[in-house]
Amino acid sequence: MHAPTTPRPATKKSRKAFWLKQLHMWHWMSSAVSLIGLLLFAITGFTLNHAADIEGSPVVIQKSAQVPPALLARLKAAVPDAEKAPLPPAVAEWVEQSFPVKAAASEAEWSEGEVYLPAPRPGGDAWVAIDLATGAASSEVTSRGWISYLNDLHKGRNSGGEWSLFIDIFAFACLVFAITGLVLLWLHSAKRKSTWPLVGLGLAIPAAIAVIFIH
């Protein structure tokens with residue numbers, strides 16, 4: 001009978017193959033997650049850089065309505081001590097049904113005779129004003145077009161908490177993509193002599209521009 005054999009320790013070559021496989025897996029996974037975001041941020045980076053050359057034509061829509069007496073009484077009874085406070089839930093629901101704004105999640109500005117609800121959004125702006133004496137409500141919604149909308153998404157302007165969370169996840173995926181790419185470059189650099197000169201060029205060009213031309 002043959003004595004049982006013990007498994008041989010992994011060789012240096014097999015360990016390298018294992019880590020190389022892991023790096024390739026994380027590299028393509030992070031690239032897949034961040035691909036659409038990278039396209040969006042690359043395109044909007046160009047449009048933001050040339051914002052003065054890309055003119056938009058704002059579209060303004062105005063609307064008016066009358067707050068029902070029962071809701072107006074509830075609104076008057078809810079006047080806060082602070083200058084800013086949310087609308088009462090029932091009033092916020094009516095505002096959202098009457099005007100194209102999200103009222104429940106916004107803070108209104110309360111004054112002696114008026115409630116003003118700002119509702120900024122990506123690519124535009126909006127507001128609703130309610131006269132506390134008469135219940136007359138009016139709104140104005142401004143849209144500056146798709147390019148302005150995408151530019152504001154790039155900056156995270158008035159985009160909400162969900163979009164902010166997406167940007168954090170996207171940034172982390174890009175970080176994984178960049179770090180694994182750098183390690184893969186290092187592993188293959190022995191056979192590709194131009195690797196580090198090109199990497200150095202990617203650092204030297206923006207550094208030189210910043211030092212020489214930006215004051």
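How do the residues of the lining of the largest pocket divide into nonpolar, polar and charged? The tour below reaches that point at its second stop; the structure on display is a predicted model.

**First stop: helix α1 with helix α4**

Select residues 12-49, which form helix α1, together with residues 146-155, which form helix α4. Two packed helices are described by the angle between their axes and the distance between the axes. Here the angle is about 110° and the axes lie 9 Å apart. Angles of 65 to 115 degrees count as roughly perpendicular, and α1 and α4 are therefore roughly perpendicular to each other. The crossing in which α1 passes α4 is left-handed.

Next, display the side chains at this contact. On α1, select Leu40, Phe41, Thr44, Gly45, Thr47 and Leu48. On α4, the residues that they meet are Ile147, Leu150, Asn151, Leu153, His154 and Lys155. Coloured by class, the residues of this contact comprise six nonpolar, five polar and one charged.

**Second stop: the largest pocket**

Now select Lys102, Pro120, Arg121, Pro122 and Asn158, which lie nearest the centre of the largest pocket. Its volume is about 480 Å³, and 21 residues line it. At least two lining residues come from each of β6 (136-143), α4 and α5 (160-188). Of the elements, α5 contributes the most, with three residues. The opening question is answered here: the lining of the largest pocket divides into nine nonpolar, nine polar and three charged residues.

Move to Ile54, Gly56, Arg144, Ser148 and Asn151, the residues nearest the centre of the second largest pocket. This pocket has a volume of about 290 Å³ and a lining of 15 residues. Both α1 and α4 supply at least two residues of that lining, and the largest share, six residues, belongs to α4. By class, the lining holds six nonpolar, five polar and four charged residues. Asn151 links this stop to the first: the residue lies among those nearest the centre of this pocket and also takes part in the contact between α1 and α4.

As α1 passes α5, the crossing is left-handed.

Notes:
Residues numbered from 1 in each chain as written. Predicted model: local features only at pLDDT ≥ 70, side-chain atom pairs only at ≥ 80, totals over all residues. Heavy atoms only, no water. Axes fitted to C-alpha atoms, helices over the stretch in contact; angles between N-to-C directions. Helix = DSSP H or I, 4+ residues; strand = E, 2+ residues; numbered from the N terminus. Parallel < 35°, antiparallel > 145°, perpendicular 65-115°, else oblique. Left-handed = near helix turned anticlockwise from the far one by under 90°. Contact = heavy atoms within 4.5 Å. Nonpolar A, V, L, I, M, F, W, Y, C, P; charged D, E, K, R; others polar. 1 Å grid on protein atoms, 1.4 Å probe; cavity = no way out; pocket = protein on both sides within 12 Å on 5 of 7 lines; lining within 4 Å. Points joined across faces, edges and corners; volume = space filled by probe spheres on them.
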